[in-house]
Amino acid sequence: MSEAVATASKQVVARYFDMWNTGDVSAAPDILRQDWIDHAHPEVAGPGGVQRAIEQIRAAQPDLRFHIERILADADRIAAIGSVRRGQDLSTPGTGMIWLIRVEDEQMAEMWTYRSTT
């Protein structure tokens, strides 16, 4: 696959995390496949499930933020490395995270989440 596919895949993943940080869920149908599955949360299926989850979690934890430090791509296989923390203060320790994502037809198809246990 070409570098253009990798670049497009990285952009889709960046938009996904922007949804979580801004609460604007309007991009969900564009960036998530209808059969979207988050293996860490299989109960949150498809774009509609993600939209509801974002709205519910942001209502309960409005200062929750995903800080993505790097997005690596090998065509349709993406690794996003970052952290989850409260607020914008990057000096406050967050939980280190790695998300592995498969993109299909320029939409996120599935994701696996790994968190630091230290």
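## A walk through the sheet, the helices and the core

Met-97 stands opposite Arg-115 in strand 5. (Strands here are DSSP E runs of at least two residues, helices are H or I runs of at least four, and both are numbered from the N terminus.) This is a predicted model, in which local features need pLDDT of at least 70 and side-chain atom pairs count only at pLDDT 80 or more, while totals for chains, interfaces and linings use all residues. Residues are numbered from 1 along each chain as its sequence is written, and side-chain values use heavy atoms, leaving out hydrogens and water.

Strand 4 and strand 5 pair in the antiparallel sense over 8 bridges; for two strands to pair, DSSP must find at least two bridges between them. Step back and you'll see an open sheet of 5 strands, ordered 1-5-4-3-2 with mixed pairing. Strand 1 and strand 2 are the edges, each pairing on one side only.

Now for the helices. Helix 1 lies across strands 1, 2, 3, 4 and 5, and runs at about 170° to strand 2. (Contact means heavy atoms within 4.5 Å; axes are lines fitted to C-alpha atoms, for helices over the stretch in contact, with angles from 0 to 180 degrees between N-to-C directions.) Helix 3 packs on the sheet too, touching strand 1 and strand 2. Just after helix 1, Gly-23 takes a positive phi of about 85°.

What about the inside? The largest nonpolar core has 28 residues, and Tyr-16, Met-19, Leu-32, Trp-99 and Met-108 have the most contacts inside it. Such a core is a set of buried Ala, Val, Leu, Ile, Met, Phe, Trp, Tyr and Cys residues joined through side-chain atoms within 4.5 Å. Helix 1 gives the most to this core, with 6 residues. Buried residues of helix 1 include Val-12, Val-13, Tyr-16 and Met-19.

Go back to strand 4 (residues 95–104) and find Ile-101. Ile-101 counts as buried because its relative accessible area is 3%, and the cut-offs are under 20% for buried, over 50% for exposed and partly exposed in between (1.4 Å probe, protein chains only). Leaving aside neighbours within four places in sequence, Ile-101 is in contact with residues including Val-13, Ile-78 and Met-108. On the same terms, Met-108 is in contact with Val-12, Val-13 and Tyr-16, among others.

Finally, look at Ser-83 in strand 3. Ser-83 is buried, since its relative accessibility is 3%.
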